[in-house]
Amino acid sequence: MSETHDPRPILVTGSAGFIGSHVAQVLLSRGERVVGLDNMNEYYDVNLKKARLERLTDHPNYHHVHADLVDRGAIERVFSDHRPRRVVHLAAQAGVRYAARNPHAYTDSNVTGFLHILEGCRHQHVEHLVFASTSSVYGANTTMPFSEHHSTEHPLTLYAATKKANEMMAHSYAHLYGIPCTGLRFFTVYGPWGRPDMALFLFTSAILNGKPIQVFNHGRHQRSFTYIDDIVEGVVRVLDQTAVADPDWSAQRPDPARSSAPYRLFNIGNEQPVELLRYIKVLEDCLGKQATMDMRPLQPGDVPDTAADIEELIQAVDYRPSVAVETGVARFVEWYLDYYR
């Protein structure tokens, strides 16, 4: 149990999702009561979401709500019925490229849906809202490593734009209503129970089935690949440390990572970026099978490289990701072969 021993639950949205299901498990394992919310949409394999959820629903301290963020009445009922003391908001319309085909799904879930979460936090006096943002907000910025103190005014995709909107919306609620809000900019997350639309999942499936893998930018770009356990540890540490106003924040020299309101932004990811070709080589070694690579140019909307400056998170909660890609990819492959045996 956390140090407050408060019996009110923690609300985890997106609890059937990749990161959300892992976060809910860790919170349950330390004695928290958890209310999970997910709409179980068909953006990717619903059976995988159901399997993730099955790991939670047998726990006596877990209660699941099947609801959509866009359903204002449903979200209001979740907050009024369960009165969560803290919220981890991870539900969203995921995926960068899907926005080109279905842009309204992003504004519905990621903007309107987020407003409903903010309103719930406001009316139930939630102690702390931790919400998912993304490294994609850095967009056209090429200064490495990405820092929370850098400008994020030039997103390259609608997905990134909606997450940038989330950051600004949360700040307005922190300022107007004193709701402590912390945004986490996730860098490429991977690991067991991951999303089928992400590279590691797609590569593994293709290699095992003898199909070529599409390697964009000829595999020469780097990513701050971050193992799921390292991500979850950071999320929970941040959740436990409520955002507070920075008394030294200057309106004449405004720092985007902090505020005179109870609001913080953090990068959360691995400090050691890995080139995609090396990532693929590690996967080949784990599978004992070589990939056939279909080399492609960089896709529209993709940034050439990502590298996380996590000094702020280190200073705030002593966050230190420790899982190397060799270990993390091996764990994913072990899970994948077992799950799809």
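Contact here means heavy atoms within 4.5 Å. The model is predicted.

The protein holds ten helices and 13 strands. Its radius of gyration is 19 Å, close to the 20 Å given by the globule rule for 341 residues, so the protein is as compact as a globular protein of that length. The C-alpha trace spans about 55 × 50 × 40 Å along the principal axes. Of the 341 residues, 54% are buried.

The accessible surface of the protein comes to about 14800 Å². Carbon and sulfur atoms account for 50% of that surface. The protein carries 33 positive and 40 negative charges.

Helix α3 covers residues 72-82. Its buried residues are Ala74, Ile75, Val78 and Phe79. Viewed down the axis of α3, these residues fall within an arc of 135°, so they line one face of the helix.

The buried residues of α3 pack against strands and a helix. The strands are β1 (10-13), β2 (34-38), β3 (62-66) and β4 (86-89). The helix is α4 (103-123). Arg83 follows α3 and has a positive phi, near 45°.

Notes. Residues are numbered from 1 along each chain as its sequence is written. This is a predicted model: local features need pLDDT of at least 70, side-chain atom pairs count only at pLDDT 80 or more; totals for chains, interfaces and linings use all residues. Side-chain values use heavy atoms; hydrogens and water are left out. Buried means under 20% relative accessible area, exposed over 50%, partly exposed in between (1.4 Å probe, protein chains only). Helices (H or I, at least four residues) and strands (E, at least two) are DSSP runs, numbered from the N terminus. The arc is that of the directions from the helix axis to the C-beta atoms. The radius of gyration is taken over C-alpha atoms; the globule rule is 2.2 Å times the number of residues to the power 0.38. Accessible areas come from the Shrake-Rupley method with a 1.4 Å probe; for residues, only the protein chains shown count as cover. Lys and Arg count as positive and Asp and Glu as negative; His and the chain ends are not counted. The place of a charge is taken as NZ of Lys, CZ of Arg, CG of Asp or CD of Glu.
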